Amino acid sequence: MDFTLKIWRQENRKAKGRFETYKISNISPDCSFLEMLDILNESLVDKLSHPICFDHDCREGICGMCGLYINGHPHGPDSAVTTCQLHMRKFSDGETITIEPWRAKPFPIIRDLIVDRTALDKIIQEGGYVSATTGGVPDGNAILISKHKADEAMDSASCIGCGACVAACKNASAMLFVSAKVSQLALLPQGKPEAAIRVQNMVAKMDDLGFGNCTNTYACEAECPKQIKRSNIARMNREFICAKVASEESTKR
Amino acid sequence: MNTLDSKIPEGQLSEKWTKYKASQKLVNPANKRKLDVIVVGTGLAGSSAAASLGALGFNVKIFCISDSPRRAHSIAAQGGINAAKNYQNDGDSVDRLFYDTIKGGDYRAREANVYRLAEVSNSIIDQCVAQGVPFARDYSGMLDNRSFGGAQVSRTFYAKGQTGQQLLLGAYSALSKEIKAGTVEMYERREMMDLVVVDGRARGIITRNLQNGEIERWGAHAVVIATGGYGNVYFLSTNAMNCNGSAAVQCYHKGAFFANPCFVQIHPTCIPVKGDYQSKLTLMSESLRNDGRIWVPKKIEDAVAIREGKLKPTEITEEDRDYYLERRYPAFGNLVPRDIASRAAKERCDAGYGVAPSGYGVYLDFKTAIERLGRDKVEARYGNLFQMYEKIVDVDPYENPMMIYPAVHYTMGGLWVDYELQTTIPGLFATGEANFSDHGANRLGASALMQGLADGYFVLPYTMQNYLSDQIYESKVSTETEEFVVAEKSVKEKLEKIMAIKGEKTVDTLQRELGHIMWEYVGMGRNAQNLQKAIPMLEDLKKEFWSNVRVTGDLTSLNPELEKAVRLADHIELSQIIAKDALQREESCGGHYREEFVTEEGEAKRNDQDFMFVGVWEYKGKDQEPVMHKEDLKYEFINVQQRNYK
Amino acid sequence: MKLIQFASITKKIALAAFGLFLLLFLPVHLGINLCLLRDDGGEWYRNASHFMGTNYIVKVFEIVLLASVLLHICLAIYLTIENWLARPVRYKVRTKTKTPFMSRYMIWTGGIVACFLVLHFINFYFVKLDLVEGKYSASIEQVDKLFQQKAMKLQQGELNEKEQAALMAQYQAISQISPEKMDKSQKNMVNLTKEEVIQYCGEDFKHVEPDFYTMSKDLFANKTYSLIYLVVFVVLGFHLYHAINSLAQTLGLSHRKYSPIIDWVSIFYAVLVPLGFAIIPLWFMFMN
């Protein structure tokens, strides 16, 4: 298969970026999208130019490191996959593919298609955990959790932190990411003691970092490679209201 | 430095750890604040260690090669984590987990370490539950278990097919809490470039900031290496693209001994290679072997027809299928340990029965399971794995059997450590896959997660204090000393040298060549002839690298080619000791299979008489032959037997 | 750009809550509007308008409602600006993500509705506030009754000179009312200005109410207005289509069992309410 690629190139955080066009041919339909970029990169190195930088790691759809905005879709046109699991058979021969980095104010571009997503970690650091230190915990079966709740929590917890929800959202909102973590811990009894302060702190951090507001368009849900559901956002809103109204704890801003 | 003191405490096996904890030295809280610890790597072992040490009050700096700890490859572990909880009342116990792990490792692991691992396994589950890890539950609300290869009890705890992810996120959350508390400082997109040793003790590291190429110095009272394994020397493996053995090689160069490098695990259930462009192999969880049946055609002409696309697997009748694992190992069937399942697949493919177009592939069939359980149940158990398979291969695994083939997955070998997880350099500790200690010659499924977390949560926080208690008299480690200056200079020189080669071959090309040599000559089936061929080939490759590699870009910006080149240089060195170690070990055991040493039935033949030791390699300097030391393994409490899964 | 130091969710909840109030008000408004269709010379409609214009509880709600409208609009604009700022560099390729119909265009549909609201206020609400000249009417029966009462007083000699003069002026004014200002049913004098009402009906009609019935009928007689009205209510339908669903989401009302019900309510509401409003111009276009 042959493709024309329009790829965003930007030397560093401050440099002005531009689109560059590359032609690539003889690509197997079984080739993954990132492998196609590998092939392109090897040809660029052959020509002594700098290869295209993109984030990637596990290449099996779980680490959340890869993330390209391909033809108007985060992670490309296939559903429920990350970029590394997208295969060229999903494109038509001769197609022009435009590849852009995630675009959001809290995700500055480091180089080419690599963006800095540490903002997501910063939100987690504000309370995306149960404050249990090592040791001194009760037996695993001392806390009973209904299968339904445990499964639901697992679904929320399967977020891989790739940032596709932010990239997809027209407002660059991180609500799906934040709500997945808030939901997971709100569903489990272990997360209850800190629930009220957690949701307030995490939302405050999310706002401070410059993510947009949620307008319930659900683009995040549509593009999430792990199919995290919008009901998580509703649950976070509920948790937030309860925390603001009923709890005496509040965020110091 | 020839004596290998493994510092195993005296006494009964079951009392060793308790006794150690009771008699070890501790650091008082006021002094903990004065002590700096560096942790390199943010996987299960690194994150859990940093979080635990931070919670104790030490000043921890943790270095992450990616943008976030959550990217570490621990996240990709699918199946589960073992623990001797015996919740199922099926006869499990710490002793049995210990025994299974030793036996699974083909009697090449250290008894005391493995017993301690089994002992703390239960605490890991409790710890993870307390962190909010959503383990699978049954309808009563209690924790659910599944069974895994190499065990006859159900002791594996799981969270869908994403157990590694959930455990890593648990450790990551504990780490995040400590970062917020200020006890741990996080440095992302940093790669360790060298270890700094001052007066014989590990005192810091040199890193490269991958975003802008800056070389940085970091000092500390102790350094923990938690950088995972070196499976990527084979180029195609189930490891992530950024996984590398570079940090371990740096430590090896600075005097840490490297143990059992030849023990590499080949995982039987991976998606077969498709083409030259392939960058990595995808693992299908071992849990699939619970219900899937592995087969190849009985008739060689059927296999040929399938390879040529003239015949479909579903057209082959039951009588014409060879369920070779069930045939050869009736007791364990499809659930034999990984090394055995892998070799059996290779044996069939080498004999010409392979079904992939390349000839290297066997079927993993769920037809019987779907008939027995119904599609819904199979979907509930393995839905995400089936979906993943379909996305990659574009074949519906509910209708057709999956195609699988073994691939490099895990490295049991690693930095040599004593009972305290300390390497031969005082103050340098190694945990998780980066050390060698617990899995012997073969790791059982669901044990890697167990070991990483055991080391990080429950072992290192104790044993490190025993070392650090002496360090309270040392002031803050200055990074202005001669040793740091020299280390930084040598790192810079090395990088400049690589950039200056400006040769003809890309890093990927050379990496593929290395992978080819390793897989063909130092792979699943090894023999003296091939190994002797590999050693000079690796030497040539090393020369080729240092004279003909092409790295574009510059030193002062984000440069993935340079990163890969540095790792490749280290991987070539590592490959050399893997080959040498494989050559010296004249026996077949666990993941190390020497074709010359087999029983009459074609099974691996161990040689306990001559090889019941850990092969420990010492670096003697550039262009010098490394020297091997032996740490003899003494089995005081276990009765050593030939492994038998029939 | 953090002028309002409220959390994003707080702002969204406020937006939703104001919207909810508007959602509750719409059916009330619709009910009153539908009175227009009753062939009673505007009796019900005028009564309803009178009630809405004079009841004190309603007056309190009127303030709340007005505040809701304003805050709903202001917050929406504020949030939209924030949202635009969250992505300073846009994508080159427009998004191809499939999202619920209209959810992406709430600010635009809302904007159109808001523009119409301005027109609507000029036509009606500002008249009530006496900011804009409207049309007035008076019931002939009532005027007659009051005139008779005053005439009685005159006969009994209870009026002073000034009052007598006023009465005479009123008498002359009434006798000069042109027939076209009488409505067909002869119950009302319509299409008057405020001065005319006072002139014809005397000082007691100082606090005369605008005749919304006549004004509405006149407006709907205008084809262009009716068309704009129809278009706006289609747009409002789209706005509402996403509203209830979105409101439930923002207020955290999501439940595996009940969410489908909310979805249905959302659709019903979004179809029925605008349809109800749209019937009125259609009625005037085709039935009259």
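In helix α14 of chain B, residues B:K494, B:L495, B:I498 and B:M499 meet B:L562, B:A565, B:V566 and B:D570 of helix α17 of chain B, where contact means heavy atoms within 4.5 Å. This is a predicted model, in which local features need pLDDT of at least 70, side-chain atom pairs count only at pLDDT 80 or more, and totals for chains, interfaces and linings use all residues. Residues are numbered from 1 along each chain as its sequence is written, chains are lettered from A and ligands numbered from 1 in the order in which they are written, and side-chain values use heavy atoms, with hydrogens and water left out.

**Helix pair in chain B**

- Helices (H or I, at least four residues) and strands (E, at least two) are DSSP runs, numbered from the N terminus.
- The axes of α14 (residues 482-501) and α17 (residues 560-584) of chain B come within 11 Å and cross at roughly 105°; axes are lines fitted to C-alpha atoms, for helices over the stretch in contact, and angles run from 0 to 180 degrees between N-to-C directions.
- That angle makes α14(B) roughly perpendicular to α17(B), since angles under 35 degrees count as roughly parallel, over 145 as roughly antiparallel, 65 to 115 as roughly perpendicular and the rest as oblique.
- The contact of α14(B) with α17(B) has 6 nonpolar, no polar and 2 charged residues; Ala, Val, Leu, Ile, Met, Phe, Trp, Tyr, Cys and Pro count as nonpolar, Asp, Glu, Lys and Arg as charged, and the others, Gly among them, as polar.

**Chains B and A**

- Of the 2 pairs of chains in contact, chains A and B share the most contacts.
- The contact joins 78 residues of chain B to 75 residues of chain A.
- About 6,400 Å² is buried between chain B and chain A, 52% of it on carbon and sulfur atoms; buried area is the accessible area (1.4 Å probe) that two parts lose on being put together, summed over both.
- Between chain B and chain A there are 10 salt bridges, a salt bridge being a side-chain nitrogen of Lys or Arg within 4 Å of a carboxyl oxygen of Asp or Glu.
- B:D67 and A:R117 form a salt bridge, with their closest N and O atoms 3.4 Å apart.
- Chain B and chain A also have 49 residue pairs in polar contact (both at pLDDT 80 or more). A polar contact is a pair of N or O atoms within 3.5 Å; within protein, one must be able to donate a hydrogen and the other to accept it, and residues adjacent in sequence count only if both atoms are side-chain atoms.
- Elements giving two or more residues to the side of chain B that touches chain A include α3 (44-56), α5 (111-131), α6 (163-181) and α17 of chain B.
- With 10 residues, α6(B) gives the most to that side.
- The side of chain B that touches chain A divides into 28 nonpolar, 28 polar and 22 charged residues.

**Chains C and A**

- Here 39 residues of chain C and 51 residues of chain A are in contact.
- Chain C and chain A bury about 3,600 Å² between them, with 50% of it on carbon and sulfur atoms.
- The rule finds 1 salt bridge across this interface, and the side chains of A:E152 and C:R256 meet in a salt bridge at 2.7 Å, N to O.
- There are 25 residue pairs in polar contact across the interface of chain C and chain A (both at pLDDT 80 or more).
- On the side of chain C that touches chain A, α1 (8-34), α3 (56-85) and α9 (223-250) of chain C each supply at least two residues.
- That side of chain C has 13 nonpolar, 15 polar and 11 charged residues.

**Chains B and C**

- Chain B and chain C do not touch, and their nearest C-alpha atoms are 19 Å apart.
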